[in-house]
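Subject: A structure for you to explore

Hi,

Here is the structure I promised to pass on to you. Please open it beside this message, and then read on for what I found in it.

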Amino acid sequence: MGGFRLLFCLALAASSVVLACANSRRSTPAGEERRVVTLALPRPPAPGETVILRVTTGALPRGARVVVRLTDGEVLGAVSPFGVLPGRKAGPSMIPLPEKAMANGKVQLVLEVEEKGQPPGRAPTRKEVEAVDLVFVPVTGQ
C-alpha cells in the first residue's frame, strides 16, 4: 500500500462494511491479560481502496487510551479521547491498517488500555471498547 494518503472521510458511511469480530482473552508471558481481536476480511481491497480500523470506544477513565497493536507488538495507533466529558462515550476513531496487517484474509490485533499510574497493557472492558470494525474507503491523491 506504500503509505496512506488523504482519505475521504465522508465516504465512510456510504462504503463501510461492518464485520463481526471474535474477542478472546489470553495470557501474555508475563501473565497480563490482553484482548486479541480477529476480524475476517470479506475481500481484498480493490484498486483505489484501502482498509481502516474503526474502534468504537465507550467511557474511558480520565487520561486513558486504547492502544492498538499487531500481534507482533507493533503499534498501529491509539484512541485517546480529548475533550470528552467524564463518563461519556468517546465514539468511533479511525486507524489506518498497513497491508501487512491483512494476512490470509484476516486481521489480528491486540487491544490494551493504558492509564497513568497503572500497570501498562490491561485488557479493555466491553464498555470501554464497544466495537472494532473494518471499513473499506477510497484512497485519493494517487
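Among contacts in the protein between residues at least 6 apart in sequence, what percentage join residues at least 24 apart? The answer is 72%, where contact means heavy atoms within 4.5 Å.

Before the details, a word on how to read the values. This is a predicted model, so local features need pLDDT of at least 70 and side-chain atom pairs count only at pLDDT 80 or more, while totals for chains, interfaces and linings use all residues. Residues are numbered from 1 along each chain as its sequence is written, and side-chain values use heavy atoms, with hydrogens and water left out.

**The overall picture**

The protein has 1 helix and 9 strands, and reading along the sequence gives the pattern α-β-β-β-β-β-β-β-β-β. Both kinds of element are DSSP runs numbered from the N terminus: helices are H or I with at least four residues, and strands are E with at least two. Of the 142 residues, 39% are buried. Here buried means under 20% relative accessible area, exposed means over 50%, and partly exposed is in between, using a 1.4 Å probe and protein chains only. The accessible surface comes to about 8,100 Å², and 55% of that belongs to carbon and sulfur atoms. Those areas come from the Shrake-Rupley method with a 1.4 Å probe; for residues, only the protein chains shown count as cover.

**A three-stranded sheet**

Now look for the open sheet of 3 strands, whose order is β6-β3-β9 with antiparallel pairing. Two strands pair if DSSP finds at least two bridges between them. Strands β6 (91-96) and β9 (129-138) stand at the edges with a single partner strand each, so one side of each has no neighbour in the sheet. From one strand to the next, the twist averages 25 degrees; for such angles, axes are lines fitted to C-alpha atoms (for helices, over the stretch in contact), and the values run from 0 to 180 degrees between N-to-C directions.

Strand β3 (residues 49-57) pairs with β6 over 6 bridges in the antiparallel sense, and R54 stands opposite M94 in β6. R54 also forms a salt bridge with D133, with the closest N and O atoms 3.6 Å apart. A salt bridge is a side-chain nitrogen of Lys or Arg within 4 Å of a carboxyl oxygen of Asp or Glu. This pair links distant parts of the chain, since D133 is in strand β9 and R54 is in strand β3, 79 residues apart. Are these two residues buried or exposed? Both D133 and R54 are buried.

**Strand β8 and its partners**

Next, find strand β8 (residues 106-114), where E114 lies. This strand is mostly covered, with 7 of its 9 residues buried. Strand β4 (residues 65-70) pairs with β8 in the antiparallel sense over 6 bridges, and 2 bridges join β8 to strand β7 (residues 102-103), also running antiparallel.

The hairpin of β7 and β8 has 2 residues between the strands. N104 is found in this loop, and its phi is near 55 degrees, a positive value in a residue other than glycine. N104 counts as exposed because its relative accessibility is 77%.

E114 forms a salt bridge with R65, the closest N and O atoms being 2.8 Å apart. That pair joins distant parts of the chain: E114 in strand β8 and R65 in strand β4, 49 residues apart. R65 also stands opposite E114 in the strand pairing, and R65 counts as partly exposed because its relative accessibility is 35%.

E112 forms a salt bridge with R69, again with the closest N and O atoms 2.8 Å apart. E112 in strand β8 and R69 in strand β4 are 43 residues apart. With 11% relative accessibility, E112 counts as buried.

The side chain of E114 makes a polar contact with the side chain of R69 as well (3.5 Å). A polar contact is a pair of N or O atoms within 3.5 Å; within protein, one must be able to donate a hydrogen and the other to accept it, and residues adjacent in sequence count only if both atoms are side-chain atoms. Leaving aside neighbours within four places in sequence, E114 is in contact with G63, A64, R65, V67, R69 and G121.

Happy exploring!
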